[in-house]
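Colleague: I have a model open and want to go through some of its packing. Can you talk me through it?

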Amino acid sequence: MRYIDARFFLLSGIFCLSIVFMANQSGFSQITIRQWTIQSGSSVKADGNTVSLADFNDSDWYPFTGATTVLAALVKNGVYPDPYYGTNLLKIPGYRHGYRLEMPDDSPFKAHWWYRSAFEIPAHYEGKNIYLLLHSINYKANIWINGRLLADSNKIEGAFRLFELDITNYAMPGKQNTIALEVVAPTGNDPSIRWMQGTHLPPDNNTGIWYDVKIKSGGAIHIKDTYVATKLNLPSLDKARLTINAELINKAQSNETGTVVGTITQVNNIGEGGTSAGGNQKIAFSQKIRLKKGEAIRFSKQLEVQDPKLWWPVNLGDQNLYELILEVRNKSGLVSERDTVRFGIRETSTTFDLYPEQVPMIGQSAGADKNEEGPHTQKKIMVHLINGKRILIKGGDWTENMMMETTPAEEEAAILYAKNMHLNTLRLESFWGSDYFFDLADKYGILIFNGLNCCSIWEEWDKWTEHTADIAVSSLRDQVIRLRNHPSLVNWALGSDNYPPKEIEQKYIDVIDTYHTGTPLTTVMPNRISNIIGYTGYSERPDREAPPSEWYDKMEGLNWESGGVGGEQIPPMESMRAMMPELDLWPISGSWDIRLWPNMFEKSRQALYERYGKPQSLDEYCLSSQLWQYESNRAVYEAVGRSKYLTSGTLKYRYNTGWPALCFQFYDYYLRPNGSFFGAQAACEPVHVQYSYDDSSIYVVNGFYQPFNDLKVNATVYNMDLTVKFREAKSINISSDGSEQVFKIPPIDGLTPTYYLYLELADKTGKQISRNFYWLSAKGDRNANFSDLKALKTVDLEATSTIERKGKQISASIVLKNRSTELAFSVHPTILKGLHGEEVLPAYWSSNYFSLLPDQSYTVTVTFDSSLLAGETPYFRIEGWNIKPREYTLENNNVDVTPALVYSSFVSPDSVGAGRNFIVSVKVTNAASSGASILKDRAYLYIDGVAQGYQYISLAPGESKTLIWPYTKLHKLGAHRVSAGDLPTKQVICTEDRFFPIGK
């Protein structure tokens, strides 16, 4: 039976035991040690021999379940406050800002920390070989089992190492066993973890156990590191050559003979949400072997597969998978040991396209500031190919949570969010992710670029010793061996900001050539020439805070760390409230500061202010930020699509962050998507119609490997009052994987400062394929100011929904209708858990933050797991920039259950002088008595029935807020009616001002 990450079962509430037992068909099995206790070495006076005895008393230690770092265990036990909330991180001893690894001398985490677990090894392990499996112990460890030292820190070292230790002579099958690990924290010069911008290094340096500790049984001949390499017959794809490799080790005390038996079958995961449909294709082979006592051999077998079912990236074909069962049978025909691996048949490669302009490559060469090859070298662009076909790379840089407690559910959300956004690639700038994460990438077709950290000891080679190099190279080797069977793994990045010295580069290359032959690799990001691999390809991009138009001017090559506005990305209000106390929310506080990255957020903030006006409240800040993120990141991915393959792809820096941050993310720590998410989603849809900010051209971009004919493009330009200023329609044929200009929007006279462009793409039957809505500036994009969007009138949308349940999955279709004469701008629907409940996350929307013209209807779909409802009834909520908030039942006739806003305590003067400022205030309360959702609306002040302006409000059930208008004025003498909400009007008399105006 194929192993499944045991943490999934724990999260699902199916069981929670000290070990998790997984048996395969041959009787061999694997267990996961689940229950641990932890204690500081400064408080433990006993040695490892004693601590690892069954009768050792650890009642005053801290218990926890699963793989956990020191800090995570202590937080769970209440020793320290939740570091993700407010400024609690600053209160934990030993914290220091930045990403350097050295701990202060007085840090409580600098001591060695003990991990201890008592567990039972199954009785049927008797007579078998038994192995302890360790995956990422940070950073060193001494290990004892049952009172005996198994391995010391001279052997167990390296945060990204994997160890398989033979414990046959230490283990006691059928009895209680005890393991003790004395874990040593990394120092500043150890190649350990480095957190990227947007996430802080925790004070324990992530010391501890990152992934599950397992124990498995085996037979006389041990199978290790099984690997299936695939090679296609290109370009026909009619057959594939498989090379099966494995290490076979004779663990018996005598010479052994036997037979290696292999069976390859097609995987059917349709019922699990995958696209691998299985089939009757079956490949079997056998080969006799003879091993001397203690001998280890490398088994290798080549096979040819006719008409293979290929693995393709998402949207480009099915993610077909195969399964290899490799057995060693003894001379009696009994199975000695069995290994099972899943793999995909695919081939990955890169090519370098010549840049069309005859200009020299501008970059940094090995050991020099200019190109050693001279001015005759052209710029070249690295292009990735899958199964011989070019693929435009669209993705971001994914990371785990700050305390390395990322759950399988969060890993699944990361992969499915990428699929939901129509992205195809995630880059890991460190060896993140459990085995389950990579299984998900295989299942759903998300490409993985894996590699090493920048800005840390990983690139400070002048501080390395020979031992440091050994650990770094061994870490890469272990991770390559672990991940190489995954078809999703298509690129190894052996450096980031800088390339390594020649001797280190060669060692890294040797690892890939030996263990993952043929896989593309690069030793540094583009615009470099490393010592051995050489040229890494051309790349150029504008600053992240650049307006949309600049992405079309400079977006060229393969951009490893790009993306739209990111230095400051304020999430929706719900996340702001979740990450900090109310007093820290507004005005900007220290809780904001630690969630931003120094020297990067100020440009983003200024760009927001210039484009949308300086926000006067947190409510306004959150709303404006989503618009800015949406249009900025949409422009990035649309520029990439238009320019393929002069631009061969982009990876947003970052995809997510490891704690509740206010920067660099498509979705936040709470799994809540932001405007960037849905801007990228719109831009990356497989067949897409789009506008070019630089030259006003309309393009259709096709991401499929097939052409489409007789498509029709409609473009309409509206003034802000929605009068039509331009309209054009044209038919187009789009080539396979093509990007075609349809026409250009000509100069238009009489445009309002802010105007709109609506694009629609339909097939020959009139069915809509793509839609796109832009808000543009008549002054040009670089001078855009969209403050006048605040004047949009409130729109009350109609909404209906239908729902379908399939197993645990709920799919809903929501139809929104704008029956007003106004624009419904940036509409934001969400699913709620129960009446006025919290937002259901993750939820996978077909579109969000979209706009509706008058009399326009639009259908959006959403899918989510019913278990997230926790037994509650689902509701849906509609809100947006100028949208009257509405909450409905998701089923049962869509009953409107929107809580009322109750107005009270209205205060205004009885009389005022003409032209004099006076103050008006009113209290507004969310009338809901329960729930946790935030009701967002606009509260207006009226004078003589005419709206004078509004204030944004965001209120939880039962919450109140006093709104103040401090600069209200009357000019016409006489009686006036002043009102707010549904309260009775108050009469205010405007009298002649008896005082001289200030300044006269």
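Modeller: A definition to begin with: two strands count as paired if DSSP finds at least two bridges between them. Helices (H or I, at least four residues) and strands (E, at least two) are DSSP runs, numbered from the N terminus. This is a predicted model, where local features need pLDDT of at least 70 and side-chain atom pairs count only at pLDDT 80 or more, while totals for chains, interfaces and linings use all residues. Residues are numbered from 1 along each chain as its sequence is written, and side-chain values use heavy atoms, with hydrogens and water left out.

Colleague: Fine. How do S8 and S11 pair, and over how many bridges?

Modeller: Strand S8 (residues 140-145) pairs with S11 in the antiparallel sense, over six bridges. Alanine 141 has valine 183 in S11 as its bridge partner.

Colleague: And S5 with S11, how many bridges there?

Modeller: Eight, again antiparallel, with S5 covering residues 113-120. Serine 117 is bridged to isoleucine 179 of S11.

Colleague: Why is S11 called largely enclosed?

Modeller: Because eight of the nine residues of S11 (residues 176-184) are buried. Buried means under 20% relative accessible area, exposed over 50%, and partly exposed in between (1.4 Å probe, protein chains only).

Colleague: Switching to S45. How many of its residues are buried?

Modeller: Seven of the seven in S45 (residues 874-880). Pro874, Phe876, Ile878 and Gly880 point one way, Tyr875, Arg877 and Glu879 the other way, and all are buried. In a regular strand the side chains alternate between the two faces of the sheet.

Colleague: What does S45 pair with?

Modeller: Strand S41 (residues 824-833) is joined to S45 by seven bridges and runs antiparallel to it; there, histidine 828 is the bridge partner of glutamate 879. S45 also pairs with strand S46 (residues 886-889), antiparallel over four bridges, with isoleucine 878 opposite arginine 886. S45 and S46 make a hairpin with five residues between them.

Colleague: Now helices. At what angle do H13 and H14 cross?

Modeller: Roughly 95°, and the axes of H13 (residues 601-612) and H14 come within 10 Å. That makes H13 roughly perpendicular to H14, since angles under 35 degrees count as roughly parallel, over 145 as roughly antiparallel, 65 to 115 as roughly perpendicular and the rest as oblique. Axes are lines fitted to C-alpha atoms, for helices over the stretch in contact, and angles run from 0 to 180 degrees between N-to-C directions.

Colleague: Which residues make the contact of H13 with H14?

Modeller: Among them are Leu608 and Tyr612 of H13 and Leu627 and Trp628 of H14, where contact means heavy atoms within 4.5 Å. By class, that contact has seven nonpolar, three polar and three charged residues. Ala, Val, Leu, Ile, Met, Phe, Trp, Tyr, Cys and Pro count as nonpolar, Asp, Glu, Lys and Arg as charged, and the others, Gly among them, as polar.

Colleague: Last one. What covers the buried residues of H6?

Modeller: The cover includes helix H5 (408-420), helix H7 (466-483) and strands S25 (425-429), S26 (447-451) and S27 (489-493). In H6 (residues 435-444), nine of the 10 residues are buried, including Phe437, Phe438 and Asp439. Just after H6, glycine 445 takes a positive phi of about 80°.
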